[in-house]
Amino acid sequence: MANACGPCIGQWERETDDPTRPNTIITSFNRNFAKRADGNPETRAFITSPSMAVALAFAGRLDFDPRSETVDGVWMRAPRCLELPAQGFVPDTSGYVAPQPGSPEPVIAPDSKRLQRLEPFAPWDGKDLAGLPLLIKVKGKCTTDHISMAGPWLKYRGHLENISDNLLMGATDAFTGKSGPVAPRARALRDAGPGSIVVAEDNYGEGSSREHAAMEPRYLGVRVVLAKSFARIHETNLKKQGVLALTFANPTDYAKVRAGDKLDVLCSGITPGHPVPVIIQHENGAQERIQARHSYTQQQLDWFRAGSALNTLT
């Protein structure tokens with residue numbers, strides 16, 4: 001199986017006479033959780049080496065052992081090859097063609113539902129992020145699939161506005177115990193001016209490293225994600241898109257955030273290695289001051305100030 005996007009985000013729309021019947025496939029790519037390969041929750045996907053996957057395919061049995069059995073009387077010899085190139089990996093950029101002066105601009109139909117020209121995100125004004133309304137307080141596990149679902153949404157990968165409609169649709173709201181549309185409220189808070197903040201629990205953004213899970217909240221005005229902890233790749237993706245990724249200095253402070261809260265993130269003086277004060281403003285007028293940590297390097301803070309990592313390259 002190819003080491004590419006297909007095995008990661010879904011292989012094929014499989015036709016079967018009985019989608020409820022348990023069945024098995026053998027795969028040589030490390031994405032074997034439910035529904036990943038063919039959309040069928042009854043498919044059991046087992047991981048093995050490419051050579052073993054080929055052997056089982058020819059044998060047509062899962063219990064086939066090529067060391068002691070044949071396929072129609074033919075022995076399948078174990079492959080013999082070097083695990084790594086003897087000369088090492090040779091960098092090759094010969095396939096890259098730099099843009100030429102006078103190159104034509106790509107044409108996108110104004111009514112396209114699947115393609116949209118990206119506009120640069122606005123740079124940070126250097127001020128504290130004050131009065132951020134709580135968009136959602138996420139309860140429990142929240143993977144990038146919960147933040148930005150795949151499946152039928154993948155046709156909008158080239159249209160940030162349309163795919164952003166699935167923002168956090170799979171996340172569980174800590175106050176209601178349910179999941180559902182979040183994008184309309186995020187869009188309204190963005191258009192009203194301040195944007196919003198997301199509060200979450202441990203390992204926020206685990207799973208697939210899809211960049212849309214960071215681009216969508218940025219596009220819909222999420223200024224800060226404050227979590228107990230982050231999945232490493234997702235935390236970096238948030239940084240690259242200009243979203244401030246913070247963790248609770250004291251994880252129990254997660255419980256202090258209530259429905260209807262607004263948060264002041266006092267980040268105007270943010271520097272590497274120093275905490276960021278956060279003031280929780282409750283609807284009854286009471287306030288609580290907590291500390292948040294971050295892992296930004298100086299380069300990553302430059303991304304944040306510029307509005308995104310891409311903005312620093314243009």
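Leaving aside its neighbours within four places in sequence, which residues is threonine 143 in contact with? Contact here means heavy atoms within 4.5 Å. By that rule, threonine 143 is in contact with Gly205 and Glu206.

Before I go on, a word on the source. This is a predicted model, in which local features need pLDDT of at least 70 and side-chain atom pairs count only at pLDDT 80 or more, while totals for chains, interfaces and linings use all residues. Residues are numbered from 1 along each chain as its sequence is written, and side-chain values use heavy atoms, with hydrogens and water left out.

Now the chain as a whole. The protein chain has eight helices and nine strands. These are DSSP runs, numbered from the N terminus: H or I of at least four residues for helices, E of at least two for strands. Along the principal axes, the C-alpha atoms fill a box of roughly 80 × 55 × 45 Å. Of the 314 residues, 38% count as buried. Buried means under 20% relative accessible area, exposed means over 50%, and partly exposed is in between, with a 1.4 Å probe and protein chains only. Among contacts with a separation of 6 or more, 62% are between residues 24 or more positions apart.

Back to threonine 143. This residue is in the loop between β3 (129-137) and α3. Threonine 143 is buried, at a relative accessible area of 10%. Aspartate 128 is 15 residues away from threonine 143 in sequence, and 29 Å away in space, C-alpha to C-alpha.

Next, helix α6, residues 212-219. Seven of its eight residues are buried, so the helix is largely enclosed by the rest of the structure. Those buried residues include Met215, Glu216 and Arg218. What do the buried residues of α6 pack against? They pack against α3 (144-147), α4 (160-163), β5 (222-227) and α7 (232-240). After α6 comes glycine 221, with a positive phi near 90 degrees.

In α7, the buried residues are His234, Glu235, Asn237, Leu238 and Lys239. They pack against α3, α6, β5, β6 (244-248) and α8 (298-306).

On to the cores. A nonpolar core is a set of buried Ala, Val, Leu, Ile, Met, Phe, Trp, Tyr and Cys residues joined through side-chain atoms within 4.5 Å. The largest one has 50 residues, and Tyr204 is one of those with the most contacts inside it. Not counting residues up to four places away in sequence, tyrosine 204 touches residues including Cys142, Ile147, Leu168 and His234. There is a second, separate core of five residues, and Met215 from α6 is among them, along with Phe121, Trp153 and Ile163.

Last, asparagine 40. It is in the loop between β1 (23-27) and β2 (43-47). Is asparagine 40 buried or exposed? Asparagine 40 is buried, with a relative accessible area of 9%. Its side chain makes polar contacts, meaning pairs of N or O atoms within 3.5 Å; within protein, one must be able to donate a hydrogen and the other to accept it, and residues adjacent in sequence count only if both atoms are side-chain atoms. One is with the backbone oxygen of proline 19, at 3.3 Å. Another is with the backbone nitrogen of glutamate 42, at 2.9 Å. Beyond four places in sequence, asparagine 40 touches Pro19, Asn23 and Lys35.
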